[in-house]
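Dear colleague,

I am handing over the model we spoke about. My notes follow it.

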Amino acid sequence: MQNKLCFGVIGNPIAHSKSPHIHNLWFKEFNLNYDYKAYLEDTLSLQNRILSLKGANITVPFKEEVLQYADICSDEVKIIKAANTIVNDNGIIKAYNTDFYGFIKALQNYDFKRVLLLGAGGAARACAYALMKNNIDFTVFNRSKKEDFICKVENELYEFNFDVVVNCTSSSLTGQLPCSIELLNKLKAKAKIVYDLFYTKSVFLEYFENAIKIDGKLMLLYQAALAAEYFYNIKISDELVKKSEKIIF
Ligand code: NDP
């Protein structure tokens, strides 16, 4: 009998992860007899865990660290400099990034021109890559200087009208706002859509009363959908993503 194929999400912490729920739901949907679990690892155990699985999603804090174990990096990984999806192809480790796809898919039904990204970490790099790929004009603001981006300072933002403001910082994790109230009030006057990559309570989204609000749930599901193509060669439809959102969250 053939061994059951094992997949998982690797991070630290990891108990909160919704990825096992998502992939196990899709195994049921497609009648796949695979295994997908959450794995709590540290720097020393990361490589062995990757090698023990057929495929893995990688989350905080290993998305950059994992690159040293990759034999092949996709084009987007080379630019974003972070991977969240690893395929173990008979010992050849292939690294992909599906966060950029998840980010832009969640915006697919909206019309917009200019985007402001708040934050300049790994998630912001994935968002910036998606926007560049789709020829969408964007600006980056971060509380501290980052060499990957030409970040604007707060005053320089006042001259623009941003239709979409994305919180790519981890401020919502600690219940904080990602920038000053002065800046938020300026943005609030013009933004049509506000988007927080975080998928539970966001004080940032709450601050914008009249805008369309998007949280990180759809991004999470769509990044998992592209990972499923790499892992199991199955196509997850937009309808299944929407149905999964209702079941999982
Ligand atoms: P990083 O640690 O790489 O970057 C964190 C960024 O947030 C930095 O720009 C940092 O600024 C900024 N920051 C942190 N705290 C604050 C604060 N209190 N106020 C203002 N800025 C702050 O994290 P990631 O880029 O990997 O992740 C960012 C967020 O995106 C997380 O909340 C994560 O959960 C979410 N995410 C969601 C995904 C989804 O599928 N929904 C996928 C990927 C990420 P500085 O440089 O000055 O330290």
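Six strands form an open sheet in the order S9-S8-S7-S10-S11-S12, with parallel pairing (strands are DSSP runs of E, at least two residues, and helices runs of H or I, at least four residues, numbered from the N terminus; two strands pair if DSSP finds at least two bridges between them). Strand S9 (151-152) and strand S12 (212-214) are the edge strands, each pairing on one side only. Strand S10 (residues 164-167) runs parallel to strand S11 (residues 193-196), with four bridges between them. Val-165 is opposite Val-194 in S11.

This is a predicted model, in which local features need pLDDT of at least 70 and side-chain atom pairs pLDDT 80 or more, while totals for chains, interfaces and linings use all residues. Residues are numbered from 1 along each chain as its sequence is written, and side-chain values use heavy atoms, without hydrogens and water.

Now the ligand. There are 23 residues around the ligand, and Ala-123, Asn-142, Ser-144, Lys-146 and Leu-197 come nearest (a residue is near if one of its heavy atoms lies within 4 Å). By class the shell holds nine nonpolar, ten polar and four charged residues (Ala, Val, Leu, Ile, Met, Phe, Trp, Tyr, Cys and Pro count as nonpolar, Asp, Glu, Lys and Arg as charged, the others, Gly among them, as polar).

Polar contacts are pairs of N or O atoms within 3.5 Å. A ligand oxygen lies 2.4 Å from a side-chain N or O atom of Ser-144, and a backbone N or O atom of Ala-120 is 2.9 Å from an oxygen atom of the ligand.

Regards

Key:
Polar contact = N/O pair within 3.5 Å; in protein donor to acceptor, adjacent residues only side chain to side chain.
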